[in-house]
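Thanks for asking me to look this one over. Here is the entry, and my notes come after it.

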Amino acid sequence: MKKLTLLLAMCFVVLSLSGCQFSNLDSDNLMRPPKASGDGQAIQEALDRALGSGYVLRYPRNGIHRSAIVRADFDGDEIDEAVVFYRAATDAGGTRIALMDKTEETDVWTVVYNSKGDGSEVERVILPDFDGDGSAELVIGWKTYTGSNIIAAYIYSEGQLTSVPVTEPTSAFGVSSSISYSELEAIDIDGDKRDELLIASIDNINGLSSVKMAEYLTVSGAGSLGVSGEITLDSSITGFSGSVSGQIAPEVYGMYLGSYRGTAKITTDLIVWDKDKAALAAPFMTLKEPFVRSGDTSPQDIDGDGMIEFSSDVEMPSFSVENGEKLYLTTWLGYSPDSEALAEKKQTRIELPDKGYAISFAEEWVSKVTAQRNNDDEVYFYSYNGEVLGDELFRIKTFSVEEWDEIESEQDEEIEYKYRAIHTDSYSVFAVLISARAQSEGITYAEIEKSFMPLE
Ligand SMILES: [Ca+2]
Ligand SMILES: [Ca+2]
Ligand SMILES: [Ca+2]
Ligand SMILES: [Ca+2]
């Protein structure tokens, strides 16, 4: 039941991010994908007409667009086109791209462009606006047969998808043919209303990591993306682990980078634009101690103010719970360029993404409460004075709706210590059992109910 809940929740996230059709999910390995509904179905029928029946849809592995059918208005007519990734039945080669459009007169989708890709799989898809004309360009990060990621960019106009070379000046060859990346984002970092590409990579020869910036420029009518800036990152970085770009502070746009510095922990690096120097900057490199996290908590806008926060966490003191798993106390921080710490605290909470919720920690809890979970959908909260573990304060348990109905009918109305529901969704009831000790500490049902945060 729990798995189903999670699957549905994940589907919802995928749907809301990419507009993909529900029935297309998990069809990666099917010889014939199930029929999508609505517009998605019309697109798939057009594909069937153009490609026959043996093609297999391919899905971007990373990034925010995870559907095999990615829609955007590439030509500026205010109607979305669709880019489709697939592998042809008769072709043992890599993933192909089809661009589909429909005319207003006929309202019929047709494949207007069809091309071999530059790699075996699509690693990620980005839809930036390089030239600032308001319509999207297409950037595909391809995973090659040798396992590296390379960038391909395209502009669509007058029924043609034109490849835009991504070039970088090199001393020996003038320009190189393809640029590889570990993490790739597109954002208008310098505020000129045109998106730049931000390319994070590690040089295999000298082991140095850097972020390059590529800007769109046209020379005699021919457009290209040229690397126009680069910043070298801390020499202790041994690898990257995810990137997120967007607004990170008032009037500041940039990229958060997860990076490894020789341990399993993930450190957070930040790339912004230094207006005075007109160059990329990495402000967190000046900190004595990097921001570190162990949990799978990528930067995101946790408070809905449109700006992206990042997290830092510490392991909570653990105690002896059967089948216990340790938990982390996660602090969400916002970039604050004018403060000495370069960050300000937004929220402190325990993240339980697999259980579908987080528990926010009031400042007074941080010094007197610790928590641990077991693998039976229960999270235990104990008093803790910094040295000695005290009594159990409360526990939160996830019930299925059916289980909860049974418990409610069995629980005596008169009993003081019993589970009380703090949140209900379509599949689960989250309930708390509060001990006498919690009540003597002044921790109330209302307080716990308020600290419970369902995660989308
Ligand atoms: Ca269009
Ligand atoms: Ca554009
Ligand atoms: Ca820009
Ligand atoms: Ca925010």
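The points below go from overall confidence to the cores, the sheets and a few individual residues.

1. **What kind of model this is.** This is a predicted model, in which local features need pLDDT of at least 70, side-chain atom pairs count only at pLDDT 80 or more, and totals for chains, interfaces and linings use all residues. Residues are numbered from 1 along each chain as its sequence is written, while chains are lettered from A and ligands numbered from 1 in the order in which they are written.

2. **Confidence.** The average pLDDT (the predictor's confidence in each residue, from 0 to 100) of the protein chain is 86, and 89% of the residues score at least 70. Please treat residues 1-37 with care: pLDDT stays under 50 there, and the model has 48 contacts beyond four places in sequence for this stretch. A contact here is a pair of residues with C-beta atoms, placed from the backbone, within 7 Å.

3. **Overall make-up.** The protein chain has six helices and 33 strands, taken as DSSP runs numbered from the N terminus (helices H or I, at least four residues; strands E, at least two). Among contacts with a separation of 6 or more, 47% join residues 24 or more positions apart. Of the 456 residues, 35% count as buried. Buried means that 20 or more other C-beta atoms lie within 10 Å of the residue's own, exposed means 12 or fewer, and partly exposed is in between, with C-beta atoms placed from the backbone.

4. **Two cores.** A nonpolar core is a set of buried Ala, Val, Leu, Ile, Met, Phe, Trp, Tyr and Cys residues joined through C-beta atoms within 7 Å. The largest one has 74 residues, and the members that touch the most others are Val84, Leu197, Leu198, Ile199 and Ile271. A second, separate core counts 25 residues, including Leu352, Leu393, Phe394 and Ala438. Which residues does leucine 198 touch, not counting those up to four places away in sequence? They are Glu185, Ile187, Ile189, Val211, Met213, Ser245, Met255 and Ile271.

5. **The five-strand sheet.** This open sheet runs β10-β17-β16-β15-β14 with mixed pairing, where two strands pair if DSSP finds at least two bridges between them. Its edge strands, β10 (166-167) and β14 (183-187), each pair on one side only. β14 is joined by five bridges to the antiparallel β15 (residues 196-202), and alanine 186 sits opposite leucine 197 in β15.

6. Four bridges link β31 with the antiparallel β32 (residues 428-434), with alanine 421 opposite alanine 431.

7. β26 (residues 343-352) and β27 (residues 357-360) pair antiparallel over four bridges, and glutamate 351 has alanine 358 as its bridge partner in β27. Four residues lie between the strands of this hairpin, where glycine 356 has a positive phi near 85 degrees. β27 also pairs antiparallel with β33 (residues 452-454) over three bridges, with phenylalanine 452 as the partner of isoleucine 359.

8. **Two backbone angles to check.** Most residues other than glycine have a negative phi. Glutamate 78, not a glycine, has a positive phi of about 65 degrees; this residue is in the loop between β2 (69-72) and β3 (81-87). Serine 220 likewise has a positive phi, near 45 degrees, and is in the loop between β16 (209-219) and β17 (222-232). Are these residues buried or exposed? Glutamate 78 is exposed because it has 8 other C-beta atoms within 10 Å, and serine 220 counts as exposed with 4 neighbours inside 10 Å.

9. **A loop contact.** Arginine 61 is in the loop between β1 (56-57) and β2. Arginine 61 counts as partly exposed, because it has 13 C-beta neighbours inside 10 Å. Leaving aside neighbours within four places in sequence, arginine 61 is in contact with Glu121, Val122 and Glu123. Arginine 61 and valine 122 are 61 residues apart in sequence, yet 6.5 Å apart in space, C-alpha to C-alpha.

Definitions and conventions:
Two residues are in contact if their C-beta atoms, placed from the backbone, lie within 7 Å.
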